[in-house]
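Here is a short briefing for a first look at this structure. Keep the model open as you read.

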Amino acid sequence: MSINIPESILELKGQCVNTINCNEYTNTITISCNRDKRFTPFDPVTHSPGTINRYVRRVIHDVPFLAYRLQIEIELAQVLSVDNKRHIERCDFVDKGCYYTKRFCRLISGLCRHMTISAVAKHFGLRWETVKNIDKAHLQDTLPSLNPEELTNLKYLGVDEVARAKGHDYMTLVYDLGSGQLVWVHAGRTSDTLSQFLKMLPEPTKQGILAVAMDMGPAYQKAVRDDLPNADIIFDRFHVMQNLVTPLSRPASKKFLGYFSPF
């Protein structure tokens, strides 16, 4: 059926709602849109106006409506720039290459603060990896970018590693265990990765750090020994328990005080 709904209600900037269909068998509402021709196409790389080469359509998923899953068919312009390169124009309510609206990603990330990733995935019928990636991307876009040179009053740090994808592309995370706040994220999990953060800290801040909690890998230990010689190294409980059944094959860390658990 044809329907006229102001785009401000659905927050679909640049799109005009054409039809809305409800499929009772798949429990899905589909909103079909056409591009609003009143908007000038801009090249997403040069940010300059361009000519429309052709139109492409995408199907994205939005926040569920009542008991129905909601999907939106949008129309975007492929822009021909002055140097004859073709790019798909940006869309305000969905990121490039993403199949979920930004408000849906906010909902997923918000629920992950109170529920497990598995529970959120089961509730929305999504894969575990999809929910994890949505949450990670949203946090990277919304968390404030803290400047290590401005950090003060740090006493206890926690260092951990996470994988962007299963088995590869690791990132190093640094937490302020006093406040529980994430203070630094960087690609890699080597000694140099953590050392890069520690070297940027003001000297009074480094002197005030009493201990750093981490796993039993040698890379992070080396960075702490080199850059925080007065700080104690504390292994987290999970990795200590893992090694109870298998004797440690590497020498004990300097000033090992036991294990640390924030819980």
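Predicted model: local features only at pLDDT ≥ 70, side-chain atom pairs only at ≥ 80, totals over all residues.

Helix 5 passes helix 7 in a right-handed crossing.

**Helix 5 and helix 7**

- Helix 5 spans residues 191–200 and helix 7 spans residues 218–227. Their axes come within 8 Å and cross at roughly 30 degrees.
- Because angles under 35 degrees count as roughly parallel, helix 5 is roughly parallel to helix 7.
- Helix 5 makes the contact through Ser191, Leu194, Ser195, Leu198 and Lys199. Helix 7 answers with Ala219, Tyr220, Lys222, Ala223, Val224 and Asp227.
- Six nonpolar, two polar and three charged residues make up the contact of helix 5 with helix 7.

**Helix 2 and helix 4**

- Helix 2 (residues 102–112) and helix 4 (residues 128–142) have axes that come within 9 Å. They cross at roughly 100 degrees.
- Helix 2 and helix 4 are therefore roughly perpendicular to each other.
- From helix 2, the contact uses Cys105, Arg106, Ile108, Ser109 and Cys112. From helix 4, it uses Val131, Ile134, Asp135, His138 and Leu139.
- By class, the contact of helix 2 with helix 4 has six nonpolar, two polar and two charged residues.

**Helix 3 and helix 4**

- Helix 4 also packs with helix 3 (residues 117–124), at an angle of about 110 degrees. The axes of helix 3 and helix 4 are 8 Å apart.
- Helix 3 and helix 4 are therefore roughly perpendicular to each other. Their crossing is right-handed.
- Ile117, Ser118, Val120 and Ala121 of helix 3 meet Trp128, Val131 and Lys132 of helix 4.
- The contact of helix 3 with helix 4 has five nonpolar residues, one polar and one charged.
- Val131 of helix 4 takes part in the contact with helix 2 and in the contact with helix 3.

**Strands around strand 4**

- Strand 4 covers residues 68–80 and runs parallel to strand 2 (residues 28–35). Five bridges join strand 2 to strand 4. Serine 32 has glutamate 73 in strand 4 as its bridge partner.
- Strand 3 (residues 51–65) runs antiparallel to strand 4, and twelve bridges join them. Isoleucine 52 has its bridge partner in strand 4, valine 79.
- Strand 3 and strand 4 form a hairpin with two residues between the strands. There, leucine 66 takes a positive phi near 55 degrees.
- Strand 5 (residues 86–88) is joined to strand 4 by three bridges, and the two run antiparallel. Valine 79 has histidine 87 in strand 5 as its bridge partner.
- Strand 4 and strand 5 form a hairpin too, with five residues between them. Asparagine 84 in the turn has a positive phi of about 65 degrees.

**Confidence**

- The protein chain averages a pLDDT of 84, and 83% of the residues score at least 70.
- Confidence is highest in strand 2, at a mean of 95. It is lowest in strand 11 (residues 259–260), at a mean of 46.
- The pLDDT is below 50 over residues 253–257. Beyond near neighbours in sequence, residues 253–257 have 15 contacts in the model.
- The pLDDT is also below 50 over residues 259–263. That stretch has twelve contacts beyond near neighbours in sequence.

Conventions:
Residues numbered from 1 in each chain as written. Heavy atoms only, no water. Axes fitted to C-alpha atoms, helices over the stretch in contact; angles between N-to-C directions. Helix = DSSP H or I, 4+ residues; strand = E, 2+ residues; numbered from the N terminus. Parallel < 35°, antiparallel > 145°, perpendicular 65-115°, else oblique. Left-handed = near helix turned anticlockwise from the far one by under 90°. Contact = heavy atoms within 4.5 Å. Nonpolar A, V, L, I, M, F, W, Y, C, P; charged D, E, K, R; others polar. Pairing = 2+ DSSP bridges. pLDDT = per-residue confidence, 0-100.
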